Amino acid sequence: MAQLSNDSFAFGGPLMSIEQAAALVGERVQPVAETQTVALAEADGRVLAEEVVAGLDLPPFANSAVDGYAVRFADLAPDGESRLALVGRIAAGSDAAGVATEGVAVRVFTGAPMPAGADTVFMQEDVTEEDGFVRLPSGLKPGANARPAGEDIARGEIAFAAGQRLRPQDLALLAGLGRTSVLVCRKPRVAIFSTGDELAEPGQPLPAAGIYDANRAALRAMVQRAGAEVVDLGILRDEPQSLAARLAEAAQDSDLILTSGGVSTGEEDHVKAAVESAGSLVFWRIGIKPGRPVAMGVIGGTPFIGLPGNPVAVFVTFAFVARAVIARLSGTQYKPPVPLPVRLGFPYRKKEGRREYVRVSLAPGADGIIVASKHPQDGAGVMTSLTRTDGLVELAEELTKIEEGRIVPFLAYDLLTA
Ligand code: AMP
Ligand code: MG
């Protein structure tokens, strides 16, 4: 289980930026220590626990990048066309040993090893074959269309540092290096709860004044996409004793506890009191909208994050805060998503000192620049405001009046749930 020092999250005071919160987490939360070996076929999304050094040159031998004719550049006429005897033929996978190259051209195919001495390949489209000779145009540079051994990565070079979260292209390189398995960090186990007397489980009858629990469905998916294992602990009622007991129990078997709801300051918001009795609690006043205060704490050495209750606030605070914690627990470095510039299609006013995320849809403008249109409803409980839009425009702390047409940073939902 991840251990936290006692003064973890000991930070109250003024509004904190997401970056400050993420940095604090980076200092305080310890990555999961256990490692395991997994087959490459199971390694997508896992975090490397080893440094991977190339055990061979890639490509392992010099080879042709095209279908064509391999020559020694020195044998070509200094200016004008060359005419060389065509001797030999090497296909991909064939051995080039013993193929003579001096003063001749050799038929080669893409991926075929370069015969010793040959350094340059003419593409077949540029070459005329006649009576056992080839006519080669001028103008090719030495080494053209040939791929030297180790051009991709050389034996002994570092392919990946520990902490790399493996993506499909990383798996290709590992397989290219002949690896069949890798040492990875154990996935952190993230316990999730919803809280609220009004919540019903989808599939059950909906009581009067009840709503179906929407947050856990999103959290399960977001936790998995963040590379962690979900421990789904269901719905907790607004009852301080049972809340505290369930949280303490969850702490024994997980690396992080995530709840939604019950963390604002109303009389019926009991999560705060429950965490205080089961462990220790700190409120983070993170300066973002949507996203009311996020509760952070430690229960039996396990970090706790209490997300707000409204589904849009859950989405945003998970994306920016919980993902940073999960990345850290997973043994990888949290990389904040990189926004892309879009044109604001509406004027906007906001409070200074907090960052706002506005739900928008994108469409190309007349000049081809992408324009962001604001979703008409911006309540933190409106789930269709997330399902019917493309992503979030990020409006910085210092901005108050933003004029229509301004270029602003945009974050696609895909980036926030990766
Ligand atoms: P709370 O922070 O507990 O006061 O919740 C704020 C709002 O979010 C209330 O309208 C709750 O009914 C709603 N809410 C809390 N949890 C969930 C959930 N799991 N699914 C859908 N709505 C929720
Ligand atoms: Mg509640």
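**Starting in a loop.** I looked up K335 and found its place in the loop between α6 and β22. Helices (H or I, at least four residues) and strands (E, at least two) are DSSP runs here, numbered from the N terminus. K335 is exposed, with a relative accessible area of 70%. For the labels: buried means under 20% relative accessible area, exposed over 50%, and partly exposed in between, with a 1.4 Å probe and protein chains only. I also checked K335 against A324: they are 11 residues apart in sequence and 8.0 Å apart in space, C-alpha to C-alpha.

**Ground rules.** This is a predicted model, where local features need pLDDT of at least 70, side-chain atom pairs count only at pLDDT 80 or more, and totals for chains, interfaces and linings use all residues. Residues are numbered from 1 along each chain as its sequence is written, chains are lettered from A and ligands numbered from 1 in the order in which they are written, and side-chain values use heavy atoms, with hydrogens and water left out.

**Domains.** The domain assignment gives domain 1 (18-34 + 186-330), domain 2 (39-56 + 163-185), domain 3 (63-147) and domain 4 (340-416). Such bounds come from an automatic or database domain assignment. I looked at domains 1 and 2 together: their centres, taken over C-alpha atoms, are separated by 31 Å. In contact there are 7 residues of domain 1 and 5 residues of domain 2, where contact means heavy atoms within 4.5 Å.

Which strands does β22 pair with? β22 (residues 340-344) pairs with β28 (residues 407-412) in the antiparallel sense over 4 bridges, and with β25 (residues 370-374) in the parallel sense over 2 bridges. I count two strands as paired if DSSP finds at least two bridges between them. V342 stands opposite V408 in β28, while the bridge partner of R343 in β25 is V371. β28 also pairs with β26 (residues 391-395), antiparallel over 3 bridges, and there G391 stands opposite A412.

β24 and β25 run antiparallel, joined by 5 bridges. L362 has A372 as its bridge partner in β25. The hairpin of these two strands has 5 residues between them, and in it G368 takes a positive phi near 90 degrees.

I listed some neighbours of I305, leaving out residues up to four places away in sequence: among them are L256, V294, M296 and V325.

**The six-strand sheet.** I traced an open sheet of 6 strands in the order β16-β13-β17-β21-β20-β18, with mixed pairing. β16 (229-236) and β18 (280-284) stand at the edges with a single partner strand each, so one side of each is left without a neighbour in the sheet. Neighbouring strands are turned by 20 degrees against each other on average, direction ignored. β18 and β20 (residues 294-299) run antiparallel, joined by 5 bridges. In β20, M296 is the bridge partner of V282. Helix α5 (residues 271-278) packs on the sheet, touching β13, β17, β18, β20 and β21, and its direction makes about 140 degrees with that of β18. Axes for this are lines fitted to C-alpha atoms, for helices over the stretch in contact, and angles run from 0 to 180 degrees between N-to-C directions.

**One residue of α5.** Helix α5 is the place of A278. A278 counts as partly exposed, at 25% relative accessibility. Not counting residues up to four places away in sequence, A278 touches A244, A248, I299 and G300.
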